[in-house]
Amino acid sequence: MSESEFSAVSAAAGRLALLPAGLRDILSPNAANEARVIDLLMAHTTAHGYERVKPPLVEFETSLLSGPGAATGGRIFRLMDPVSQRMMGVRADMTVQMARIATSRLKNAPRPLRLCYVGQVLRTTANQLNPERELVQVGAELIGSETAEADAEIVLVAVEALKAAGVSELSVDLMVPPLVPTVLATLGLSADREAQLRAAIDRKDIAAVETLAGDHAPVLSKLLGATGQKDEALAVLHGLDLPAAARAALDRLTTVVELIAAAEPGLRVTLDPVENRGFEYHTGIAFSLFARGARGEMVRGEVGRGGRYRVNGGTETATGFTLYIEMVLQALPDPIRRETVFIPHGTPRDEAHAIRVAGHATVQGLAPVADAAAEARRLGCAFYWLDGKIAALASPSQT
Amino acid sequence: MSANEKLVLALPKGRILKAITPLLTRAGIEPEDAFFDEDARQLQFATRDPELDIIRVRSFDTATFLAFGAAHLAVSGSDVLMEFDHPEIYAPVDLNVGHCHLAVAAPAEIAKTEDPQRWSHLRVATKYPNVTRSYFAARGVQAECIKLNGALELAPNLGLCRRIVDLVQTGSTLKANGLVEIDKIADVSARLAVNRTALKTRTGPINDLIGRFQEAARAA
């Protein structure tokens, strides 16, 4: 359709085409490309022994809001279940469902338990920056192991899957969300002051941190300064005088960085010990995955994130990753439409079948046409079946 | 990393731009001459550093360019950063210029007679609807914000609303319009802000620029 035809669309047709904010139709070749990328990500995750599970799209609100789901309360679409008369929610994140499965139906499965999943999630709120309200998540959870090896494995499996899907120039930002609360708790500040300080730390607003923290400013501003390339950041962190709990968290970080660097020496690893926004439910090492686009441009958001959290009322610990397919696709080249062969009406079925067996997709003519080449071009095929051979169209097909 | 895009620094037009020019010099950022020509139609400018470009945008748009990663760094008023409180934006350096504050103001006679405890709903004219709504919400008042882009001080006297939330520098505009300041919401100054993804994927050059701005602000 040309621009002038577009502007002439009738109001009624426009109303029919309009979708609610944040929802969209994905057409060819993008829909097929999305499925291909998901298959690659899942294949590389299941190859590491992560077993695929499939929870429902909708479940009771109370279970969606427990544990790691507590932070999604404001983003869940709710509906009343006419059968049970209870409130149900459409999942806004799938991690909470994995936690539920691991601690209920798979409670007696041996630990560590490895699960993976793919599915759509729906969110009530979107913002200008991330307007999509329906997202596809691919993820994996490693439940029941406290080890640094588990922290590293989750990052490494995510990285391997993304690389296999064709994402280049990955970088991993590792963080320790509980670190700042641990340090702040030892300072004995009033609740108000502590909240202000956390807000300032979240924004990396060094000036405000220095004003608010008083005597404690040097430690906090050094923590803020330890953001960046892993080696430089670790050097800063090792020189800090921190309470024992915070020190233990940083030692864990060091071990995980070493494990990751040993397994993926070429991977860019940065540290951000004070990052907390959006990672509130994490209780240990957490991470964000960033990538460059196919033309070297910065992909605006994270392609994935994850980290350690508690399940089952805090009695068990787990770590996991979630990959955001919309963002992963931005890091990949635009998909190329699959080329098809037009089969004129009346061609024997076994001939068309042989073409498909040879790996081509066919488009069957349903009625006789005078000019098979013209019909093939009209339908967007690159080739047509002529005298028992695949013939290329003279000019490039219209796509 | 290969095929790096140029880094883009967004600077706000107007009041802050004049104040930060010496700071840019001290930070070693030398824009091409056209940048200083107020009448230039050009919006994007090269600098002496081939890896750094400057764009000149409206003050309120600095945060938007930054949040979307269209600019990697920006000089932005802390008022603008408060209004667009994106988790994608960090504000590591207080440039210590462009000082003023964000305040609630009202006509003098209303301020004298009204009891704020009794409010449940209030109409407020402002350029900062998000800041205003959360300021009043924290006090249990629902603020219905009327978004204006200028001449806010006219609004109460013409019956548009009873309160305004605006930047106050000297207070003389308020006074000339018969308004008094009721409460200060926040101190405002210019900040160097950076995009989260840019900081984490282009750590070296961005930290270098942050360091230079820090030095430049300290030397002021």
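**Entry 1: salt bridges overall.** I took a salt bridge to be a side-chain nitrogen of Lys or Arg within 4 Å of a carboxyl oxygen of Asp or Glu. By that rule I found 28 salt bridges over all chains.

**Entry 2: ground rules.** This is a predicted model, in which local features need pLDDT of at least 70 and side-chain atom pairs count only at pLDDT 80 or more, while totals for chains, interfaces and linings use all residues; side-chain values use heavy atoms, with hydrogens and water left out. Residues are numbered from 1 along each chain as its sequence is written, and chains are lettered from A and ligands numbered from 1 in the order in which they are written.

**Entry 3: chain B as a whole.** I noted nine helices and 11 strands in chain B. Helices (H or I, at least four residues) and strands (E, at least two) are DSSP runs, numbered from the N terminus. The C-alpha trace of chain B spans about 65 × 35 × 30 Å along its principal axes. Of its 220 residues, 50% count as buried. For burial I used relative accessible area: buried is under 20%, exposed is over 50%, and partly exposed is in between (1.4 Å probe, protein chains only). I also looked at contacts, meaning heavy atoms within 4.5 Å. Among the contacts in chain B with a separation of 6 or more, 66% are between residues 24 or more positions apart.

**Entry 4: where the chains meet.** The size of an interface is often given as the accessible area lost when the parts come together. Here buried area is the accessible area (1.4 Å probe) that two parts lose on being put together, summed over both. Between chain B and chain A it is about 2600 Å², and carbon and sulfur atoms give 52% of it.

I then counted polar contacts, each a pair of N or O atoms within 3.5 Å; within protein, one must be able to donate a hydrogen and the other to accept it, and residues adjacent in sequence count only if both atoms are side-chain atoms. Between chain B and chain A, 17 residue pairs are in polar contact (both at pLDDT 80 or more).

**Entry 5: salt bridges one by one.** Seven salt bridges cross the interface of chain B and chain A. One of them joins B:Arg196 to A:Glu275, with the closest N and O atoms 2.8 Å apart. Within chain A, A:Glu302 and A:Arg305 meet in a salt bridge (2.7 Å, N to O), and both residues are buried.

In chain B, B:Asp208 pairs with B:Arg212, the closest N and O atoms being 3.1 Å apart. Both lie in helix α9 of chain B, four residues apart, about one turn of the helix. B:Asp208 is partly exposed at 42% relative accessibility, and B:Arg212 is partly exposed at 26%. I also traced one network of salt bridges that share partners; it joins A:Asp173, A:Lys204, A:Asp272, A:Glu275, A:Glu302, A:Arg305, B:Arg196 and B:Lys200.

**Entry 6: helix α9 of chain A.** Which residues of this helix (residues 206–213) are buried? I listed A:Ile206, A:Val209, A:Leu212 and A:Ala213.

**Entry 7: A:Thr319.** I found A:Thr319 in strand β12 (residues 316–324) of chain A. A:Thr319 is buried, at 1% relative accessible area. A polar atom of its side chain lies 3.2 Å from the backbone oxygen of A:Gly307.
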